[in-house]
Amino acid sequence: MTANPRIESLLRPKSIAIVGASQAANRLAGQVIPMLEKGGYRGAIYPVNPRYETIGNHKCFPSLSAIPGRVDHCIVAVAKERVLDVLRECRDRNVGSAAIFSSGYAETGAEGASAQQELLDAAGGMVFIGPNCMGMVNLVDKVVAAPAPVFDKSEGHGDVALLSQSGGLAYATVAFFAAQQHIDFTYVVNTGNSAGIDFADLIDAMNRDAATKVIFVVAESEGVVGEVIGAVRRYGLVKPIVLLKLGRGATGARMALSHTGSLAGDYRLARDCAEQHGIVCCEDVDEALGAVELLRRGFGPRNASGVAAISISGGNITLFADHADAEGVGFAELAPETQARLGEVLPSFISVRNPIDITALGYEQPDLHTRVFDVLITDPAVHTLIPIITTATDYTPVCSQLAALKARSDAPLITLWTGGSFETRSREILREAEIPVFRSAGVLARTLAAIGRAKPAGAAPSTAAQAVPELPAVEGSLSESQSLAFLEAAGVSVPPWATCGQDDLEAACESVGYPVVIKTDSTETHISDSGAVILGIENPEDLKRARGRIAPLGDRLLVARFLPGTELIVSTFAHPSFGMVMMAGSGGRMAELLRDVAFALLPASRETLKAMLERTLAGAALARGFRGAAGVDAAVEFLERLSRLAVAGDGAVAQIELNPVTVGNHGAVAVDASVTPATKKREVRQS
């Protein structure tokens with residue numbers, strides 16, 4: 001199944017040792033062997049604990065070294081102070097992989113992180129999940145190597161792989177609610193702190209697994225998100241991936257400086273970079289399981305637009321439409337011929353505009369649902385059909401009609417069931433017909449929107465070598481004039497500019513060309529807050545009148561052509577988990593208050609950069625020509641040039657921040673710039 005034999009020993013072990021095994025059923029270490037037995041494990045089980053002769057029907061060994069046969073996988077369930085010795089023994093015995101249940105490592109702080117690094121050293125290259133994990137489950141091969149009672153009654157396997165850093169969320173919440181929705185798993189791997197495993201290897205293994213259709217990732221760290229994205233960049237989006245990122249607060253991109261640092265909140269950055277690669281990002285378990293269900297049934301980004309909905313309840317239609325509109329889920333605009341055919345099916349008192357309220361007539365004539373859908377499905381603008389059903393004593397007639405429609409046409413049906421029925425057969429009819437069922441209008445709208453956002457980007461441009469201008473040797477950021485000179489030499493558009501002292505200011509203004517901006521030539525950002533920027537000096541007379549305001553700026557002045565327009569903030573920076581990232585959005589003095597930015601992982605195609613910009617209000621204004629805004633093509637060209645520079649300068653440039661970049665009839669130019677050289681070569685764990 002896997003290309004990596006070390007991952008094979010983790011997922012499909014032929015023998016398992018449990019170090020710290022216990023006879024106590026209330027301890028995690030005492031639950032593993034019963035779970036293996038109930039799950040039907042056919043390999044060798046070796047309990048290890050010097051206090052026992054036997055555990056259950058198994059001989060108990062005093063140590064790993066006393067086990068006579070090969071050990072493929074070792075579950076380590078001992079006190080923290082004993083873990084290093086166990087890992088060293090694993091290495092000596094050539095054990096294939098391990099799961100470390102013990103906690104007290106990086107999740108506790110700096111001291112724990114140091115102890116976690118010692119685990120890596122002791123493992124000597126052996127793959128392990130944990131520490132602070134609860135093991136793994138392989139239902140394809142009947143290996144339930146985790147204290148997870150939710151799998152007590154598992155029969156067979158499903159088609160979804162769950163890879164989760166959180167054990168409690170995976171084995172309690174997700175697994176329980178998935179079972180309620182008849183979503184079954186192939187594998188559940190709880191990686192805990194993920195110290196000894198790369199998610200790219202797990203993704204590769206799931207890509208190769210014939211039984212797995214969808215991969216569901218629960219990530220707590222940016223590093224794991226980076227590994228998942230890295231897997232897609234390396235292997236392609238072989239199978240749909242759903243990502244639930246925990247810890248979405250603005251802990252900040254610590255590597256970024258000034259404006260960028262306050263805007264690059266962890267989740268927004270992670271979400272944008274993941275969605276750029278076709279990964280579906282959800283914000284709660286119900287949405288994530290909804291996305292898993294739709295993806296395993298063949299739904300994709302196309303189904304988040306062109307929606308057609310019908311119901312006997314105008315209120316339920318309106319509620320769904322409210323949520324759909326808020327999430328950007330688009331209803332299909334029906335063709336005139338479609339509306340004409342609907343007029344033949346429906347009485348004149350029913351509107352044929354989508355979404356369609358078929359009124360209580362749908363109670364009296366259950367087949368009206370499918371007669372309407374038979375028309376709608378022929379309209380090329382319709383990509384998804386949503387019957388909204390409510391409450392009835394018996395819904396089997398309607399559900400049977402929907403199942404028949406699915407069988408004869410393979411219609412893209414999603415049932416929104418906002419009530420219930422007083423029999424259970426109708427629910428079974430929908431399940432047997434493989435028609436997804438949602439119980440909440442909001443959850444369905446958010447799930448469709450999440451799938452719709454996850455559109456794999458076009459091919460990234462060539463990363464052929466590009467010359468990077470020599471950077472001045474400075475501590476911290478370059479002065480603004482040094483930053484402008486660097487950008488200009490690299491082919492990034494800047495306004496005409498010059499540096500001068502107070503005595504030669506007039507000549508500098510003449511050489512640059514009026515109107516001008518005069519500012520202190522500083523390494524600091526936010527200098528306008530302290531009055532160090534004077535805008536709109538139109539001519540020599542204005543300059544004379546402004547002399548009193550200019551004098552306090554000092555004798556290191558920067559003069560630049562004043563080029564007003566739509567203001568953007570644009571930044572590139574080296575992220576420790578994702579690599580080189582670009583941020584763009586609404587700029588100017590209000591940038592940090594508006595927080596209207598989007599992100600893209602570099603290198604990125606022109607299509608990706610354009611989509612990133614247009615997700616923001618400033619970018620949308622440029623694209624639509626709102627109130628005279630112009631220059632979207634120039635703005636995208638600017639982003640392309642800057643992205644090429646950022647990729648070429650990777651390792652030499654830590655960050656480029658431009659706020660604002662003005663866009664207008666003059667094109668797109670960086671009128672304020674801050675470039676920060678890297679202090680050392682960046683190290684990023686990615687493909």
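**Entry: Asp-374**

I started with Asp-374 and skipped its neighbours within four places in sequence; what remains in contact with Asp-374 is Arg-341, Leu-405 and Arg-408. A reminder to myself: this is a predicted model. I looked up where Asp-374 sits, and the place is helix 14. Is Asp-374 buried, partly exposed or exposed? Its relative accessibility is 29%, so I noted it down as partly exposed, since that class lies between the 20% and 50% cut-offs.

Asp-374 and Val-597 are 223 residues apart along the chain, and their C-alpha atoms are separated by 43 Å.

I found an open sheet of 5 strands, paired in parallel, and I wrote its order down as 16-15-17-18-19. Which strands stand at the edges? They are strand 16 (356-357) and strand 19 (437-438); each has a single partner strand, so one side of each has no neighbour in the sheet.

Then I looked at one pairing inside the sheet. Strand 15, residues 307-311, runs parallel to strand 17, residues 384-389, and I have 5 bridges down for the pair. Within this pairing, I saw Ile-310 standing opposite Pro-387 of strand 17. Helix 14 came up again here: this helix, residues 368-376, packs on the sheet and touches strand 15, strand 16 and strand 17. I noted an angle of about 165° between the direction of helix 14 and that of strand 15. Asp-374, from my opening entry, belongs to this helix.

**Entry: a surface patch**

I moved on to the surface and picked out a nonpolar patch. Which residues form it? They are Met-590, Leu-593 and Leu-594, and together they have about 330 Å² of accessible area. I looked up Met-590 on its own: it lies in the loop between strand 25 (579-586) and helix 22 (591-594). Met-590 has 47% relative accessibility, so it goes in my notes as partly exposed, because exposed would take over 50%.

**Entry: the whole chain**

Last, I stepped back to the chain. I have 25 helices and 29 strands down for it. The C-alpha trace spans about 95 × 80 × 40 Å along its principal axes. How many of the 687 residues count as buried? The share is 56%. The chain exposes about 27,800 Å², and carbon and sulfur atoms supply 50% of that. I also looked at contacts with a separation of 6 or more: residues 24 or more positions apart account for 71% of them.

Note on methods:
Residues are numbered from 1 along each chain as its sequence is written. This is a predicted model: local features need pLDDT of at least 70, side-chain atom pairs count only at pLDDT 80 or more; totals for chains, interfaces and linings use all residues. Side-chain values use heavy atoms; hydrogens and water are left out. Two strands pair if DSSP finds at least two bridges between them. Helices (H or I, at least four residues) and strands (E, at least two) are DSSP runs, numbered from the N terminus. Contact means heavy atoms within 4.5 Å. Axes are lines fitted to C-alpha atoms, for helices over the stretch in contact, and angles run from 0 to 180 degrees between N-to-C directions. Patches are made of residues with over 30% relative accessible area and no salt bridge: like charges are joined within 9 Å, nonpolar side chains (Val, Leu, Ile, Met, Phe, Trp, Tyr) within 5 Å. Accessible areas come from the Shrake-Rupley method with a 1.4 Å probe; for residues, only the protein chains shown count as cover. A salt bridge is a side-chain nitrogen of Lys or Arg within 4 Å of a carboxyl oxygen of Asp or Glu. Buried means under 20% relative accessible area, exposed over 50%, partly exposed in between (1.4 Å probe, protein chains only).
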